[in-house]
Amino acid sequence: MQSLWTRTFQGYHRDYRKTMRAGFYFFVGVLAFTFLSAPVSRAAVAQRTQELTGQVVNEKAYPIGGVTCRLTGGMLPSEGITVTTDPLGKFSVRGLLPGRYDLTCTALGYTPFVRTGLVVTAAGIAPIHAVMPTLKKALQKVEVSAAPAKVAEQGSAPPTKLGAQELTTLPIAEQKFKAALPLVPGVIRSPTGKINIKGAVENQGMLLVDGAQASDPVTGSFDIDLSIDAIQSLNVYKAPFSPQYSGFSGGLTTIETKAPSYKWGWDLNDFFPGFRGRSGHLVGVNDWEPRLDFTGPLWKHNLSFSEAFIYDLLKIPVRGLAWPHNETKKESYNSFTTLQYVVSPHHLMSFYFHLFPQKQEYANISALVHQPNSSNYSERGFSVQANDSYQFSSGGILSTLFNYTKFDADAWGQGPEPMLLTPDGYGGNYFNIWRRASDQEEGDIMYRFPAYKWLGTHQFDIGGDLINGSYTGISQSHPIFVTRQNGTFAEQINFLGPGGIPTSQVPASLSAQNAQGAAFVGDHWMVNDHAALELGLQYYGQAVGQLVTFAPRFGLVFSPSSSGRTVIRSGVGVFKSRIPLLASDFDSNPTQMITLFDSQGNVLGAPITYQNRCATRTPTGLQIVPDCSDLDATPYNLTWQVELDHQITSHVAVKFSYLQSGTFRDFVINPVETSPSEAMLLLANRGAARYHEFETLVSYRDEKGNELNTSYVRSRSRGDLNSITGVFVPFQEPFIRPDAYANLDADVPNRFISWGIFHLPFKIVFAPIIDWHTGFPWSTINDLQNYVGVPNGRRFPGFFSFDFKVWKRLPLPHFLPFGLGGSKLRWGIGFHNATNALDPLAVYNNIASPYYGHFVGFQHRVIDINVDTGR
């Protein structure tokens, strides 16, 4: 009976994968049909896209910088496009087809500007002159032409947005979007570089670029980066209660890229290299991150393009190691190309091509891991994507996309010598070599119905997506020796492949495939101008996990007064998580054979062989499954949130929010001994995690465009430590300890972060960031590498960093050649860790080490210079 059930179950999974792949090719066919057939009937009326420009000023006609303007309507996504005004109060939105649009501009201390029924024609649209009186004047009944913004149009859990001004002005460490994410309250970057949102590591979250997934198909890591010049808006959701989003249990990060323009333009940024000195002498380039961004028309009114390119060379020193063997070198380039084709006034297609190769030498060195003990990393890949939007005469909008991503990655040590785990850190050569070649195909479809009037206004959306991912690879490991402080062996770990042959001779072969499908229906019900409900239901299934699951979502937004100065938001939702491809072939990993030694170096008994097995929870306990590709279980998350927003004065607003999140049935790894010589490394969905946070945010903005955002977050993050991505990503842990439920690696109970942009006299801009938080947790271990006491029960000292940049803009003379005349030159000097705070990154955590409890890897002050120009 069990054999029949197994065969039937596997047959369902094969059919599900075939269905998902067939569905994806259906999306491709739909796009090809609309592309080839629509121009035949509509080519005569095809027009180029238009650009909406404008300037925001106060009642005294002074420009207001940093204003958030949101454009909706036409064929834009349901959330619209969000832009931020520059210091002169100017903004622009490119890539608009003829149609009717609504514009809402908001800023702290000013009356919102709302202009409905903006008509964009084939001839364009006149620039918008938006007057936003200060609230003091508005309260004195100064007449304004704009209607107040409707609270009901807002979401129950709006994202935290970072626009182009913040990304290009604030002193972030790298000119990539990932470096800017920790500016968001509740977002933490762990010592290993992983982004944590809502207490969950990035592998459990989701990254979308122009609607499509943009993460490593195998691990889910945010390893596909993007130049900040390509970004229109960076949005971080802790709890997106809209039902259209699926496949994650952590946070959601979405990126809207800039549309091409039909006017030629270019920017060359940060082209001045950073040099480094040693004993008063220059010793080469420390970092160089030139960025080139240009756009323009390719074919009269129909086709335009844009290109955002960045070359990245970083040599990052690690304090605590001797120069010149104390740095990791990272080199990459990133190219993001956009083509926009206007098929007709009601039909728009966009094509994207993204290249993202990179390599990093000594990627995981620290004060306790020297260069010979470290691993290198490289990735090569590209993605191609097509988005199609068509507006029917009824006003309904059909949006489809397909995306293909090729992502190959490798990691390897510095040599073939065995690895040593000593009380003082790593020795020998890093033990593991792996290669992965992955592919992912994705197809999405969504239809937005015309607004429907019944007991208010309803905005219905339906849609779904199909994703098929697969990979092949190898894993090869050298022996590991665990040594005592006196140099004697305590343990030896060998890795065996097929037939019991060491993987140093014959690597283990890896391969996996997973197909996912989702469908949803959602309704944004605006009961009146001051209250709205969000209702949604989502189906989610995957071949490796459960084929059928459902995730309901509910949200509420309400303002008790007509002024909209106080807004209450709340929501609750279930989020089903994808299972990483690493889990679906866990049993193909090399088998570990462990030999123990006494203090004299004598072998203690027979070696213990740890087979890799998978299990799922049942009402009677854990049940071993015959194949890790048939786990029949899906992790899920339950999150609820309550938020209060209130504008205190014309310049100050506050936000108070409480969020609670629980993740269940997560897959974790645990060593289990079944006999004196046999054991298992068991991957089972017995893991859980819990997170809660209370956030207080105070925002200040004045009539000069100065802004300051200060937040305090009190949080707690606990869960099982041995998640599969925690053990294998980015590099496999050499020693797998028993799983424990404890403080997670990025748990920081208290965090204070403040950043701002200030416009000083002589057109100088000052942009500071102050970041303080509780130190990260760490564990005490013994000479056998096992936990001593409570895992993650101790903490690093509190972290403090004061970074700032000072900018000055200068016009270039008009007589300069090569189109430089009349361009703007922006000079900037930045200080990272300006106070030279000693923030350690490593600790001697082995009680057998004479340095136990000593913190090392202290950070130093870093100075950089930026030079930007463009037209």
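Reader: How many salt bridges does the structure hold?

Author: Heads-up: this is a predicted model, where local features need pLDDT of at least 70, side-chain atom pairs count only at pLDDT 80 or more, and totals for chains, interfaces and linings use all residues. Residues are numbered from 1 along each chain as its sequence is written, and side-chain values use heavy atoms, with hydrogens and water left out. A salt bridge here is a side-chain nitrogen of Lys or Arg within 4 Å of a carboxyl oxygen of Asp or Glu. With that cut-off, the count of salt bridges is 19.

Reader: OK, let's pick one. How many residues apart are Asp-312 and Lys-176?

Author: Their side chains meet in a salt bridge, at 3.4 Å from N to O. The pair links distant parts of the chain: Asp-312 is in strand 20 (residues 303-317) and Lys-176 is in the loop between helix 3 (164-169) and helix 4 (177-180), a separation of 136 residues. Those elements are DSSP runs numbered from the N terminus, with helices being H or I of at least four residues and strands being E of at least two. For Asp-312 and Lys-176, the sequence separation is 136 residues.

Reader: Buried or exposed: which are Asp-312 and Lys-176?

Author: Buried is under 20% relative accessible area, exposed is over 50%, and partly exposed is in between (1.4 Å probe, protein chains only). On that scale, both Asp-312 and Lys-176 are buried.

Reader: Why does the bridge between Glu-643 and Arg-569 tie together separate parts of the sequence, and how many residues apart are they?

Author: The closest N and O atoms of Glu-643 and Arg-569 are 3.5 Å apart in their salt bridge. Glu-643 lies in strand 40 (residues 636-647) and Arg-569 in strand 36 (residues 566-576), so the pair ties together parts whose separation in sequence is 74 residues.

Reader: Which strand does Asp-868 lie in, given its bridge to Arg-826?

Author: Arg-826 and Asp-868 form a salt bridge with an N to O distance of 3.0 Å. Arg-826 lies in strand 50, so the bridge ties that strand to a part 42 residues away in sequence, where Asp-868 lies in strand 53.

Reader: What's the nearest side chain of opposite charge to Asp-287?

Author: Asp-287 has its place in strand 18, and its side chain makes a polar contact with the side chain of Asn-286 at 3.2 Å. A polar contact is a pair of N or O atoms within 3.5 Å; within protein, one must be able to donate a hydrogen and the other to accept it, and residues adjacent in sequence count only if both atoms are side-chain atoms. For charge, Lys and Arg are positive and Asp and Glu negative, with His and the chain ends not counted. Asp-287 is buried yet has no salt bridge, and at 8.8 Å the nearest side chain of opposite charge is Lys-805.

Reader: What accessible area does the nonpolar surface patch with Trp-827 have?

Author: A patch takes residues with over 30% relative accessible area and no salt bridge, joining like charges within 9 Å and nonpolar side chains (Val, Leu, Ile, Met, Phe, Trp, Tyr) within 5 Å. Areas come from the Shrake-Rupley method with a 1.4 Å probe, and for residues only the protein chains shown count as cover. Strand 18 (281-288), strand 50 (824-832) and strand 53 (862-870) each supply at least two of the patch residues. Its members include Phe-271, Trp-288, Trp-827 and Ile-865, and together the patch has an accessible area of about 930 Å².

Reader: What is the relative accessible area of Ser-332?

Author: Ser-332 sits in strand 21 (residues 327-344). Not counting residues up to four places away in sequence, Ser-332 touches Lys-176, Ile-310, Tyr-311, Asp-312, Pro-357 and Gln-358, where contact means heavy atoms within 4.5 Å. Ser-332 is buried, and its relative accessible area is 7%.

Reader: What relative accessibility does Phe-762 have?

Author: Phe-762 has phi near 65°, a positive value in a residue other than glycine, and is found in the loop between strand 45 (750-760) and strand 46 (764-773). Phe-762 counts as exposed because its relative accessibility is 68%.
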